[in-house]
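Biologist: I would like to learn how to read a model like this one, feature by feature. Could you take me through it?

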Amino acid sequence: MKKSNNRNVAIVGGGIAGLAAAIAFRKAGYTPVVFEAAETMKPVGAGLGLAANAIKAFDKLGIKNEIVERGRILSSFTIKDEKDKTITYTDSLKISREYGIDNFTIHRAALHEVLLAQIPEVKLYTGKKCVDYVIKENNVQVLFKDGSSFDADYLIVADGIHSAVRQKLVPGSAPRFAGYTCWRAVVDNTALKINNSYEIWGSQGRFGAVPLADNQLYWFATVNSTANNTSFKNFTIADLKTWFAKYPQETAAILNSTPDDALIWNDIIDLKPISKYAFGNVLLLGDAAHATTPNMGQGACQAVEDAAVLYDELLKGGELSNVFLSFEKRRLKRTHFITNQSARIGKIAQATNPFMIKVRNALFRSLPASTKEKQFKKLYQTDF
Ligand SMILES: Cc1cc2nc3c(=O)[nH]c(=O)nc-3n(C[C@H](O)[C@H](O)[C@H](O)COP(=O)(O)OP(=O)(O)OC[C@H]3O[C@@H](n4cnc5c(N)ncnc54)[C@H](O)[C@@H]3O)c2cc1C
């Protein structure tokens, strides 16, 4: 049942966290206003893994079917060495059968489209880069780069890892560089015919491939680097082919099917866990609160979990600043665990020393299936 609520909620950031939060507020009877820095809401980005915990969160928000329709089931995930020999194999279908929900992959643009379609009545202003805020007696004034401002009763900060508002609320919370850099692209999978997701852990870094719906393939590569390395920044497909020349032949085939202008490059960064997400009538969500490295494929999943927990708390009613505090109480431990665990996995996966690689691969190969399943089950135990 929808009740109406006239408190004025501003959401800064129209990414996955901001849009999922807008859906949560709408469902709970509020009409938030979203402010997005980009000039248009054009689809950007590559592929995403949406693990079962995110699908469960979408279910809570009432949009599981819409998401699943645009996604593709992730049936297995293999980690291999550069000679194409399996290090670990995860039967995702078996785990999800026990859990009751599948894991999916999706194009980020498709996910955005679905989220946007759920909130036609929400006002979304583009070209509105939030640069600061001022706390007033009973409200918060949001300041934009174009000189305009907006008076809100409550402010939801969902503007990603570089959030200026977070850095003002939590001084010293600048993003930290993980030590490796990443290229991504989405290509046509018709000729490649890659049906299973995998990641190669080799001496030159990692290379992974993930089939998406509509005969598309998402691939990514990560290489140890210094921050903002100009040489890597200018890498072309030809450079990547040379770099990964020793990797299984399929790697070259995938790279050959990628035009240079489809390459997305960025350093891998995260946020050292912070101890607060709720600050009176201001709440941090998604990457603005708990950005993680992509090693567990959980950043966006946690943003959606945020929205599901927020919805749960909104339904309980009460003053929103108390809702935000309850949200924080439920979310800190799990989001901290994911950020820390993901950073650890990244360090292990990016090893390039031949001896370390040998020991690591042997250790991972000897891991009993039950240990891996236990880890996945922990991942799927959501905060709602
Ligand atoms: C290589 C890579 C692979 C990944 N793979 C996965 C995966 O498989 N699964 C997964 O779950 N996650 C994955 N992630 C993480 C995921 O992309 C993020 O966690 C997710 O995008 C966070 O969503 P968000 O809305 O919090 O932030 P963002 O996606 O950063 O969105 C923030 C939004 O706010 C806008 N904005 C920025 N600044 C301002 C401002 N000042 N004012 C107003 N608006 C602003 C931006 O334009 C953007 O629209 C991956 C990340 C990377 C880098």
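Modeller: Gladly; we will go from the overall fold to single residues. Keep in mind that this is a predicted model.

Biologist: Let's start with the whole chain. How many helices and strands does the protein have?

Modeller: The secondary structure comes to 14 helices and 19 strands. Along its principal axes, the C-alpha trace spans about 65 × 45 × 35 Å. A compact globule of 384 residues would have a radius of gyration near 21 Å, and the protein agrees, because its value is 21 Å.

Biologist: What share of the residues is buried?

Modeller: Buried residues make up 44% of the 384. As for the contacts with a separation of 6 or more, 74% of them are between residues 24 or more positions apart.

Biologist: Which residues touch the most other members of the largest nonpolar core?

Modeller: Ala20, Ala21 and Ile156 do, in a core of 100 residues. Helix 11 gives the largest share of this core, 10 residues. Take Ile156 as a case: leaving out residues up to four places away in sequence, Ile156 touches Val9, Ala10, Ile11, Val12, Ala21, Leu283 and Leu285.

Biologist: Now a helix. How do I read which residues of helix 9 are buried and which are exposed?

Modeller: First the general idea: an α-helix has 3.6 residues a turn, so residues three or four places apart point the same way. In helix 9, residues 249–256, the buried ones are Thr251, Ile254 and Leu255. Viewed down the axis of helix 9, these buried residues fall within an arc of 95°, so they line one face of the helix. Gln249 and Ala253 are exposed on the other side of helix 9.

Biologist: What covers the buried residues of helix 9?

Modeller: The cover includes strand 13 (176–188), strand 15 (205–212), strand 16 (216–224) and helix 8 (237–243). Leu240 is found in helix 8. Leu240 is buried, because 23 other C-beta atoms lie within 10 Å. Beyond its neighbours within four places in sequence, Leu240 is in contact with Trp183, Ala221, Phe235 and Leu255.

Biologist: Could we look at another helix? Which residues of helix 5 are buried?

Modeller: In helix 5, residues 108–117, they are Arg108, Ala110, Leu111, His112, Val114 and Leu115. These buried residues pack against helix 1, strand 3, helix 3 (64–70) and strand 7 (104–107).

Biologist: How should I read backbone angles?

Modeller: Most residues other than glycine have a negative phi, and most peptide bonds are trans. Against that background, look at Asp84, where phi is positive, near 75°. Asp84 sits in the loop between strand 5 (76–80) and strand 6 (86–91), and is partly exposed, with 14 other C-beta atoms within 10 Å. Lys193, also not a glycine, has a positive phi of about 55°. Lys193 is in the loop between strand 13 and strand 14 (197–202). With 9 C-beta neighbours inside 10 Å, Lys193 is exposed.

Biologist: Finally, the ligand. Which residues are closest to the ligand?

Modeller: Of the 34 residues that surround the ligand, the closest are Gly13, Gly15, Gly160, Gly286 and Gly299. At least two residues of the shell come from each of helix 1 (16–27), strand 3 (47–50), strand 13, helix 10 (287–290) and helix 11 (299–316). Helix 11 supplies the largest share of the shell, 4 residues. By type, the shell divides into 17 nonpolar, 11 polar and 6 charged residues.

Technical notes: Residues numbered from 1 in each chain as written. Predicted model: local features only at pLDDT ≥ 70, side-chain atom pairs only at ≥ 80, totals over all residues. Buried ≥ 20, exposed ≤ 12 C-beta atoms within 10 Å, placed from the backbone. Arc of directions from axis to C-beta. Contact = placed C-beta atoms within 7 Å. Near = placed C-beta within 6 Å. Nonpolar A, V, L, I, M, F, W, Y, C, P; charged D, E, K, R; others polar. Rg over C-alpha atoms; globule rule 2.2 N^0.38 Å. Core = buried A, V, L, I, M, F, W, Y, C linked by C-beta atoms within 7 Å.
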